[in-house]
Structures are given as C-alpha cells and as structure tokens.
Amino acid sequence: MEFIKAENLTFEYHKTDDAGQEMSTRAVNNISFSIEKGSFTAIIGQNGSGKSTLAKNMNALLIPTAGKIYVDGIDTSEIDRIWDVRQKVAMVFQNPDNQIVSAIVEDDVAFGPENTGVDPAEIRQRVDAALSWVEMFDYRKKAPHLLSGGQKQRIAIAGAVAMEPDCIVFDEPTAMLDPAGRAEVMNIIRKLNARGITAILITHFMEEAAQADYVLVMDDGKIKMEGSPLEIFRRTDELKDLSLDVPAPVALADKLREEGIDLPEDILTTDRLVEELIK
Amino acid sequence: MIRDITLGQYYPGNSWIHKLDPRIKIIATLLYIVALFVVREFTGFIVAFVALEAVIIISGVPRKFIWKGLKPVILIIAFTLIINIFMIKGEVLWQLGFLQITREGLRTAAFMGIRLVLLIIGSSLLTLTTRPIGLTDGIEALLSPFRKIGLPAHELAMMMTIALRFIPTLLEETDKIIKAQQARGADFESGNIIRRAKALVPILVPLFISAFRIAQDLAMAMEARCYGGNVKRTRMNEIKMGSRDLAASLLFAAFLAMIILQRVLL
Ligand SMILES: Nc1ncnc2c1ncn2[C@@H]1O[C@H](COP(=O)(O)OP(=O)(O)O)[C@@H](O)[C@H]1O
Ligand SMILES: [Mg+2]
C-alpha cells in the first residue's frame, strides 16, 4: 500500500532580489512517485537538487505550488488537515543543535505530543519509551548542549518517535556527525523501520543509501533514477554524470572483477564483500 | 572560559524544594528579594541567612553549584564594597591622603555585601531547583491574567524557554568565533576603547548571522513538531498546587513575618 504519493509535484521558491526583481527557483519540478507503507527509501542527489524541498513537501511544511502530494490519502494542501499530516510524518533535520527546543532532554522529547494535546500521563509514557528506544533514557534529565552530536541527534529522533508518526523523514541526519555518531543514528533508523515506521532518508553517504529498500536519485528538481540499491548502484556511469559516487564496497568489487576475480553482482555492503572474498 | 557562565542552570533533583509548584517559588523569590531590602539591621540578615541555609540543605544542591552562580558577580560585589568603604563620610578610622575609611562606610559596605550575596544565592536557588520548563510555565501562569489586556503570556514564556535552551549554544558559538578570529590574527586585548570596540565587530556580525540561522532552523523544526501557538497544548508536567505547597507557603509567611517584626521592633 502506498503511504506517500506525489502527482506532478512542483515547488517554486519566490523571492525578490536586491534589484527588486521577482525571482523564482523551481526546486522540485513536476515529479511523480509513491512510497510504500513500511518501506525504507533513500533519496540521494547533489547539493541544491531539491531533496530538502521535497522532504518539506511531505509534511506540509511547504505546500506544492503545482501538482499534489498525498500523505496516507490526505491532500497536504487542505489547510485544516495540516496537523494530521505533520503528526503522521515527523521530521529529523541535519543540524542537531537547531532542532532541540528545551533545556532538558525529556522536556524536549515531550514537546511534540504536548503540541498535539496528548494527555499528560500518556506523554510521560511516550517520552520514556522513546528515550529508551534511542538508548538515551539515562540522559533524560541532562541539558542537551552537554551531549555529543550523535546523542543530540538521537534526542531529536526520540522527539519524532514520541509523536507516534507513521513515517519519519530524515534530512541528512548524519551529515554533521563523526563516524561513531553516524553508525548509531543509522542503527536507530533501521530499528525504527523494522518496527514498521516508514523511513525516508536523505543522505550524501552512499553506504547509507545502500541500506534502504529503494533509492530515488534527484537532480535539478527531477527524479533521474529510481530502483533498488542494487539496480541503482550498478549504473556507475550515470551516477558519475550526476556527480554521485557508488558505495565504496561496490566500487571495490567492480575493480576486483576487472582483475578477474569472480564475484556475484549483488554486493552492496562491506560485510557481504568480505564474506564473498573469504569463501 | 565563557562557557562556564551558569546562567539559569538547573540542578536535577527530587527534593521537596524541587517538587514545589514553580509559581510558589517564583513569588517567594520575589518577596524574599523585597524582604532583603526591608532589612535594616544585621539580625534581619541572620533570619534570611538561616532561611536560605535551610532551603539549600533541603534542596540537596551541592555548595559547588551555589558558588558557581556567585563567581561571575564577584567583581561587581567587590566594586560595590570598595565604593562604599571609601565614599561614605562619618567617623574616620583610617586616613591616607584623600582616602579615608569611616565606621559608617565599613558598616554600609558590609551591609550591601551581605545583601547582594544573599540576593544572588536566593535567586540562583530558584533556577537551580526549578526545571526551565517549570520556570517558564510558572511565569506563563502568573502572567496569564494579564492576557486580557493584551499581554502575550504564552509567547513570552516560549521565548524564555528558547532563550534558556540557546544561551549555552550561542556562548559556544561566540567562543568558536573568537578563536577563529584570533587564529586569523585578530587582537582583542590591546588598544584603546574605540579600537577594542571595533575589534568586536568581526565577532558580532558572524554571531548575528548564526543566531538568525538557528532561529530559522528552529522555527521550521518547531512547526514540523506541530507547534501552533497555545491552541490545544497540554503539558507533561502540569503545575499543580498540593498540600506541600500550602505548607511551604505557610513557612514562607512565617519568614516574612519575622523580617517585618524585626524591622518594626529593632
Ligand atoms: N528558502 C529558500 N528560498 C529560496 N530558494 C531556496 C530556498 N531553499 C532552497 N532554495 C533553492 O532551491 C533549490 C533546492 O534546494 P534544496 O531543496 O535545499 O536542495 P538539497 O536539499 O538537495 O540540497 C536550490 O537551488 C536552492 O538554492
Ligand atoms: Mg538539503
């Protein structure tokens, strides 16, 4: 079943430049796609290709300037359904510092459910559960600014989880983290998806995109390629044209094949490559 | 360095004082400050000191944190003391050239010093024992009667919540910018006042830019989490008065009565 469905979705930013000239940027240009309920979709594409704009259209932070996007059947341009849409699709942003509202971890996690008018006792329950989920329960009374980047990002994820959404959109959640923090966040995303939450991950790291079930490749406001990670990352040359890489293990497997080592075609991860090599 | 400033710091705990309704604590703190200015004799300060000690002990906040709150204002206190010691005329105890110390000067200085220390410790206990959300919810509740005359109580409280959350972040940011500018050879330590003021520009400009960035990101993140003003908000920790708050109010009233009595009687 599809959870998010875009039909000829277009979004244009309007602004006036210094000369008073009206300028418009078409950040998302007439795209159609659908995202299955419970799936894990990665969106890749170079800077400025429109990924964040697309993400913000998915939970009514931005409303399409043309075309439609449906979330669980709700048209996001219906003004009085905005809160339903935002409750269904939560979002985690890139900068962990700039999305934490309160000076105490658990108060921040409570912020979302407080806004939607959830009963105090239930908020308490949800907050404790969400913090345990991201393994930050012991830090519930701490001040966020004393935590590491990865920990802050886990708090932001807990804040999204506490809203009990059906889907979470992650907009480059690992871009500002060190490798350890990145691994923690990816772990949590996979765990959430395994629990049935539809995950949409925008990322610059191809190794992360390789973990998804489905990959959308954006360029200049358009979806240029889509398919399973295996299908996408086999098309090395097309990705190069869009200034994108393939995951390191895929590139390495290609090199090894050129050298005459016999390897299966479905290698995406380092673990798998190692496994095949020691066979 | 700059990060050590403990403005509005909360010391998590489970004490009786922590659990009091924030509205009671806010009003009590304000009245306590007024009481310190009512006091005219040292005996009044003894009463205030004993009350403060009792609150500190019950709250379980380590002395270390209380001293930390005092540290940034030590200079101001020292300055006040020096001015008072040397400026007040009266019975001269010691004289060197135009400098003189009088009995009245010493007394006033001691008075001011004790008053300031008691005032700062008392008000920092409020923030040390009240979680920031409790504090701002309390202020919102106390201000909400004025909503009728157009005071945006919820918005003011939300602004305070965000300020308390982001002061440390902005201080860190300032620290980073200063270091970055120093690495480029900026000099903040020498020259006259005008030169030094000019040297601040390369700190303030990036700081403002980054503050606006944060504000933009944060507004987006808050909207994504369904924030839409105070329409149907609930609270995880609702503020409620209980028997504990009644008992505390009575104890505090007794304290005020003692202050007033000693003022009238002595
Ligand atoms: N708030 C905005 N106002 C005007 N133009 C914007 C705004 N945000 C993004 N853009 C423009 O829209 C295009 C897509 O940006 P974005 O969605 O942020 O891409 P990505 O997330 O893939 O880097 C870019 O050309 C960018 O300059
Ligand atoms: Mg982006």
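In this predicted model, A:C167 has a relative accessibility of 0% and therefore counts as buried. The sulfur of A:C167 has its closest cysteine sulfur in B:C226, at a distance of 14 Å, which is too far for a bond. Seen from the other chain, B:C226 likewise takes part in no disulfide, the nearest cysteine sulfur being that of A:C167, 14 Å away. B:C226 is itself buried, with a relative accessible area of 4%, a value that falls under the 20% limit used for that class. When the whole structure was searched, 0 disulfides were found over all chains.

The surroundings of ligand 1 were examined next. The shell around ligand 1 is made up of A:Y13, A:K15, A:T25, A:A27, A:Q46, A:N47, A:G48, A:S49, A:G50, A:K51, A:S52 and A:T53. By residue class, this shell divides into 8 polar, 2 charged and 2 nonpolar residues. Several polar contacts were computed between the ligand and chain A. The side chain of A:T53 places an N or O atom 2.4 Å from an oxygen atom of ligand 1, while polar backbone atoms are found 3.1 Å from a ligand oxygen in the case of A:G50 and 3.2 Å from a ligand oxygen in the case of A:S49. Two or more residues of the shell are contributed by each of the elements β1 (2-16), β2 (22-36) and α1 (51-58) of chain A, and the largest share, 3 residues, belongs to α1(A).

The two strands that contribute to this shell, β1(A) and β2(A), are also paired with each other, running antiparallel and joined by 11 bridges. Within this pairing, A:I4 has A:I35 of β2(A) as its bridge partner. The hairpin formed by β1(A) and β2(A) has 5 residues between the strands, and in this hairpin A:G20 adopts a positive phi near 80 degrees. In a regular strand the side chains alternate between the two faces of the sheet.

Notes:
Residues are numbered from 1 along each chain as its sequence is written. Chains are lettered from A and ligands numbered from 1 in the order in which they are written. This is a predicted model: local features need pLDDT of at least 70, side-chain atom pairs count only at pLDDT 80 or more; totals for chains, interfaces and linings use all residues. Side-chain values use heavy atoms; hydrogens and water are left out. A residue is near a molecule or strand if one of its heavy atoms lies within 4 Å of it. A polar contact is a pair of N or O atoms within 3.5 Å; within protein, one must be able to donate a hydrogen and the other to accept it, and residues adjacent in sequence count only if both atoms are side-chain atoms. Helices (H or I, at least four residues) and strands (E, at least two) are DSSP runs, numbered from the N terminus. Ala, Val, Leu, Ile, Met, Phe, Trp, Tyr, Cys and Pro count as nonpolar, Asp, Glu, Lys and Arg as charged, and the others, Gly among them, as polar. Two strands pair if DSSP finds at least two bridges between them. A disulfide is a pair of cysteine sulfur atoms within 2.5 Å. Buried means under 20% relative accessible area, exposed over 50%, partly exposed in between (1.4 Å probe, protein chains only).
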